[in-house]
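Biologist: I'm new to this one, and I'd like to learn how to read it. Could you walk me through it feature by feature?

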Amino acid sequence: MAARVIVIGGGPAGVRAAQALVEAGLRPTVIDEGRRDGGQIYRRQPEGFSRSYEALYGTEAERAASLHRDFDALKSRIDYLPETLVWNIGPKSVHLVSGTRYRELAFDALIICSGATDRLMPVPGWHLAGTYSLGGAQVALKSQGCAIGARTVLMGTGPLLYLVAAQYVKAGATVAAVLDTSTAMQRLRALPGLLAIPAALKKGVALIGVLKKARVPIHRGVTPSQIMGSAENGVTGVQVGLASGTKLEVACDAVALGYHLRPETQLADLAGCEFRFDDAAQQWLPHIDEDGRSTVKGVYLAGDGARVRGADAAERSGRLAALAALNDAGVKTEGAEGLRAELARLTRFAAGLRAAFPWPARFASALPDETIVCRCEAITAGELRRVVRETGAQEANRAKAFSRVGMGRCQGRFCAHAGAEVIAAEARVPLSSVGRLRGQAPVKPLPMALENECNAAGCDESKGLKPELSSTVEDAQ
C-alpha cells in the first residue's frame with residue numbers, strides 16, 4: 001500500500017494513529033500545531049526544563065511517559081511537521097502554514113485528531129485581565145513553568161477543574177478556592193456511569209485529596225455572580241452564590257474558567273463532514289461510525305476532536321481510525337473488535353462525567369444584559385437578545401450577521417456555545433434549532449509575508465512596502 005496518509009494532531013489520538021500506520025508499513029505525515037508532541041493533556045515541557053513527569057502530570061505521569069517514548073521511536077519513520085497549522089482543507093488536500101511558509105499537501109486518507117478546547121459560560125467581568133480558561137492555565141504551567149497569578153481561583157465544573165487545581169498545588173502555586181457549579185447529588189446520581197472505569201474514579205478522588213491536604217477551600221453547587229476588578233488593575237476577586245443562598249467573595253488576582261470541553265470541529269467542517277446535534281452533550285458533533293469514519297470518504301475523525309471521552313479513549317479511537325483507513329485501502333488488520341469494546345466502556349464513563357458535572361445552560365438566560373458574551377467583538381448578552389427580538393434572528397449564523405457575535409479572532413470557540421444558549425432562551429426555542437456557526441478558512445489568524453505578496457504583484461519596494469514586514473490576516477468572514 002503506497003497511500004498518502006496525513007494525521008492532523010500530535011496528541012494521544014494522533015500518536016496512536018501514526019503508530020498503527022507505521023506498523024502497517026506506511027510512512028504517514030503527522031502535522032502538529034504544537035512545538036512538541038503530546039497534545040494538551042500530555043503537553044511536553046520545553047527543552048531545558050527539568051520538572052519530573054510525576055510533578056508535571058501527576059496521576060497520568062506513566063501514560064504521558066509512555067506516549068512520549070512511543071512517539072520518539074516513531075520519528076524516524078514518519079514525516080513530522082511541528083509548529084504547523086492546518087488552516088484549510090480542500091478536496092483531497094490540506095493547506096498548511098509554518099511561520100510564513102505556505103504549503104499544500106495531497107492525501108489519500110486524512111485522520112483528523114484536532115483535540116478539544118474549553119467550553120465556556122460567560123460571567124460578568126470575565127473580560128478582565130487575569131481571566132483565563134482552565135486549559136490556558138494548564139498551558140502556562142506546562143509550557144512556561146508558571147502560574148497565571150499569585151493567588152488563583154478555579155471556577156466551573158468537570159474533571160479538568162480538579163486536575164488543574166491539583167497540578168497548581170503540586171507546583172507550589174496558591175489556589176485560593178475551587179468553585180464548582182455541580183452538586184454532590186448530581187455526582188451521586190452519576191455514580192453508576194462513573195463505576196464503568198473504577199480506576200479513573202479513584203484518580204478523581206485522589207485529586208480532591210490533594211486539594212484537601214493543601215487546605216484549598218472547595219465549594220460545590222455555586223452560582224457565579226461576577227469576577228470583580230477593573231480595566232486598570234484586572235481581576236481582584238470573585239463573587240458567587242453558595243448553595244445555602246449566601247454570597248461568597250474570594251480575593252484573587254487570576255481566575256481560570258471552564259465547563260468540560262468542546263471538540264475542535266472546524267477542520268471536520270471544512271472537510272465537508274456532516275454534523276448532527278447530540279442531545280446528551282448538547283452540542284453539534286460530526287457524525288462518525290463506530291470506527292471513526294466520517295460522512296466524507298477518506299476522512300476519519302478521532303480523539304476529543306470527534307467526541308470528548310478523555311485521553312484513554314483518544315488513544316484507542318486514534319488507533320481504531322487508522323485501522324479503519326487501512327481496511328478501507330484493502331489492508332487486513334486485527335484488534336478493532338477489542339478497541340471497540342474498550343471504547344464502549346470509556347464512553348459510558350464519559351456519559352457519567354457529563355451527568356456528574358453538567359453544562360449549566362440555565363446560567364445563560366440569567367446573564368445580565370451588560371455581560372460580554374463575545375470577548376473578541378465585545379458583544380453583550382443584551383445586544384444579542386435585542387437582535388433576536390428586533391430582527392427575528394433565531395439561527396446562529398443569522399444572529400452572527402446582525403450582531404458580529406463569533407466573528408472575531410477565535411471564530412466562536414469561546415462564545416458560540418453560550419451565545420447559542422442566549423439565543424435559544426430569548427427566542428424560546430430548542431437549542432438544536434439555533435444551529436451552529438459554520439466553519440470558515442482560515443481557522444485561525446494567519447501571518448502574511450508582504451515579500452510574497454509584493455513579488456506576486458510586482459510591487460515597488462521604494463513605494464513603502466517593505467518585504468521584511470509581516471501582518472496578520474484576521475478571520476475571512
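Biologist: Let me begin with a pair of side chains: in what kind of contact do Arg27 and Asp79 meet?

Modeller: The general idea goes like this: side chains of opposite charge can pair when their charged atoms come close. Here Arg27 and Asp79 form a salt bridge, at 3.1 Å from N to O. The term means a side-chain nitrogen of Lys or Arg within 4 Å of a carboxyl oxygen of Asp or Glu. This pair links distant parts of the chain, 52 residues apart: Arg27 sits in the loop between helix H1 (12–23) and strand E2 (29–31), and Asp79 belongs to strand E3 (residues 79–81). Helices (H or I, at least four residues) and strands (E, at least two) are DSSP runs, numbered from the N terminus.

Biologist: Before we go on, what sort of model is this?

Modeller: This is a predicted model, where local features need pLDDT of at least 70 and side-chain atom pairs count only at pLDDT 80 or more, while totals for chains, interfaces and linings use all residues. Residues are numbered from 1 along each chain as its sequence is written, and side-chain values use heavy atoms, with hydrogens and water left out.

Biologist: How many salt bridges does a search of the whole structure find?

Modeller: That search finds 27.

Biologist: Next, the domains. Into which domains is the chain divided?

Modeller: Domain bounds come from an automatic or database domain assignment. In this chain, domain 1 takes 5–115 + 264–355, domain 2 takes 119–260 and domain 3 takes 360–441.

Biologist: And how far apart are the C-alpha centres of domain 1 and domain 3?

Modeller: Those centres lie 30 Å apart. Eleven residues from domain 1 and eleven residues from domain 3 take part in the contact, which is counted for heavy atoms within 4.5 Å.

Biologist: What area is buried between domain 1 and domain 3?

Modeller: Buried area is the accessible area (1.4 Å probe) that two parts lose on being put together, summed over both. For domain 1 and domain 3 the figure is about 960 Å², with 59% of it from carbon and sulfur atoms. On the domain 1 side, Gln266, Asp269 and Trp284 supply 47% of the area buried against domain 3, more than any other three residues.

Biologist: How many salt bridges does the rule find across that interface?

Modeller: Two cross between domain 1 and domain 3. Elsewhere in my notes on charged pairs, Arg413 and Glu264 meet in a salt bridge of 3.1 Å, N to O.

Biologist: Which elements give two or more residues to the side of domain 1 that touches domain 3?

Modeller: They are strand E4 (85–90), helix H9 (266–270), strand E18 (275–278) and strand E19 (283–286). H9 gives the most, with three residues.

Biologist: Now the backbone. What kind of peptide bond joins Ala441 and Pro442?

Modeller: Omega tells you: it is about 0 degrees there, and the bond is cis. Pro442 lies in the loop between helix H16 (431–434) and strand E23 (446–449).

Biologist: What about phi of His260: positive or negative?

Modeller: Phi of His260 is positive, near 65 degrees, in a residue other than glycine. His260 is placed in the loop between strand E16 (254–259) and strand E17 (261–263). Gln411 also is not a glycine, and its phi is positive at about 55 degrees. Look for Gln411 in the loop between helix H14 (396–403) and helix H15 (416–427).
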